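Here is a short briefing on the structure shown just below. Keep the viewer open while you read, and follow the topics in order.

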Amino acid sequence: MKILVTGYNGQLGYDVVKAGLSQGLEMVGVGIDDLDITDGQAVHAAVSRIRPDAIVHCAAYTAVDKAEDEVDLCRRVNVDGTRYLAEAAKTINAKMMYISTDYVYDGQGLEFYKETDKPAPIGQYGLTKYEGELALQSILENWYVIRISWVFGINGNNFIKTMLRLAESRAELNVVSDQYGSPTYTADLAKLIVSMIQSEQYGIYHATNEGICSWAEFAEEIFRQAEKDVKVNHITTEEYPTRAVRPKNSRMSKDKLEVCGFQRLPHWQDALKRYLEELNAKG
């Protein structure tokens with residue numbers, strides 16, 4: 001099976017290619033320097049040349065705050081780019097997986113979002129990611145949408161790397177404690193993606209590591225496992241204003257994974273332990 005992976009330079013795309021190769025699949029990873037997904041002609045030409053059996057679309061505009069000001073660019077990447085890929089996939093009868101986000105929901109309340117809950121994005125990033133979902137579904141019959149959250153991987157920047165960097169010079173940090181979600185290790189997620197793309201279990205899924213925490217609790221666990229003596233001060237969202245509104249509730253139900261025969265991901269604390277080991281091994 002030949003799989004084309006966009007966003008290869010990012011955290012998830014890198015690990016998806018790695019996971020596919022470990023299973024003996026033919027993986028073709030492309031980054032922004034290899035393919036501009038906002039160029040429809042270039043996308044069609046690349047897909048026609050590579051002729052993959054499936055596309056895993058990890059590339060995205062993910063700068064949540066900048067998206068409020070760079071609306072056109074955000075839409076070109078997240079909506080137009082997705083549509084071009086889906087149209088190209090259709091011409092060669094390839095299936096396609098789109099990596100989406102918890103930001104498609106409004107983040108209100110305390111309940112776990114189910115895949116059937118109606119999205120109601122509260123910012124440009126979430127809105128364009130949802131519009132990308134709709135574009136995919138309107139073009140292809142064989143599609144998957146995976147909504148993820150709080151991602152961390154070896155290739156790229158993330159919350160864990162930021163906390164460890166700040167720990168080198170700070171004895172205490174203020175971290176938001178009223179936003180809840182599930183940290184997600186791309187190495188774990190990539191294995192699920194590779195398994196799912198080889199199946200015919202199409203549809204929308206939520207896929208994050210197990211367990212729920214706040215950003216402040218996440219930071220505390222990072223420092224505990226990394227043996228860093230840093231005090232975490234719990235603050236509210238209102239005390240840490242940002243250009244874009246963040247969802248306070250990013251709890252997503254993963255029951256559908258089991259129903260469709262897929263393994264749920266390990267607990268986020270276990271994932272963090274393995275990630276820190278990977279970071280240390282890399283030096």
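Cysteine 58 is buried, with a relative accessible area of 16% (buried means under 20% relative accessible area, exposed over 50%, partly exposed in between, with a 1.4 Å probe and protein chains only). This is a predicted model, in which local features need pLDDT of at least 70 and side-chain atom pairs count only at pLDDT 80 or more, while totals for chains, interfaces and linings use all residues. Residues are numbered from 1 along each chain as its sequence is written, and side-chain values use heavy atoms, leaving out hydrogens and water.

**Cysteines**

- The model has 0 disulfides, a disulfide being a pair of cysteine sulfur atoms within 2.5 Å.
- For cysteine 58, the nearest cysteine sulfur belongs to cysteine 74 and is 17 Å away.
- Cysteine 213 is also buried, at 1% relative accessibility.

**Nonpolar cores**

- A nonpolar core is a set of buried Ala, Val, Leu, Ile, Met, Phe, Trp, Tyr and Cys residues joined through side-chain atoms within 4.5 Å.
- The largest one has 32 residues, and Val47, Leu136 and Leu140 have the most contacts inside it.
- At least two residues of this core come from each of α2 (40–50), α3 (71–91), β4 (95–101), α4 (124–139) and β5 (143–148); helices (H or I, at least four residues) and strands (E, at least two) are DSSP runs, numbered from the N terminus.
- The largest share, 6 residues, is supplied by α3.
- Another core, of 29 residues, lies apart from this one and includes Ile3, Leu12, Leu25 and Val56.
- Not counting residues up to four places away in sequence, valine 47 touches Leu4, Pro52, Ile55, Leu85, Ala88, Ala89 and Ile92, where contact means heavy atoms within 4.5 Å.

**Positive phi in two loops**

- Most residues other than glycine have a negative phi.
- Asparagine 93, in the loop between α3 and β4, has a positive phi near 60°.
- Asparagine 93 is exposed, with a relative accessible area of 70%.
- Glutamate 227 has a positive phi of about 60° as well, and sits in the loop between α7 (215–226) and β12 (231–235).
- With a relative accessible area of 72%, glutamate 227 is exposed.

**Lysine 231**

- Lysine 231 belongs to strand β12.
- Leaving aside neighbours within four places in sequence, lysine 231 is in contact with Ala171, Glu172 and Leu173.
- Lysine 231 and histidine 44 are 187 residues apart along the chain, and their C-alpha atoms are separated by 51 Å.
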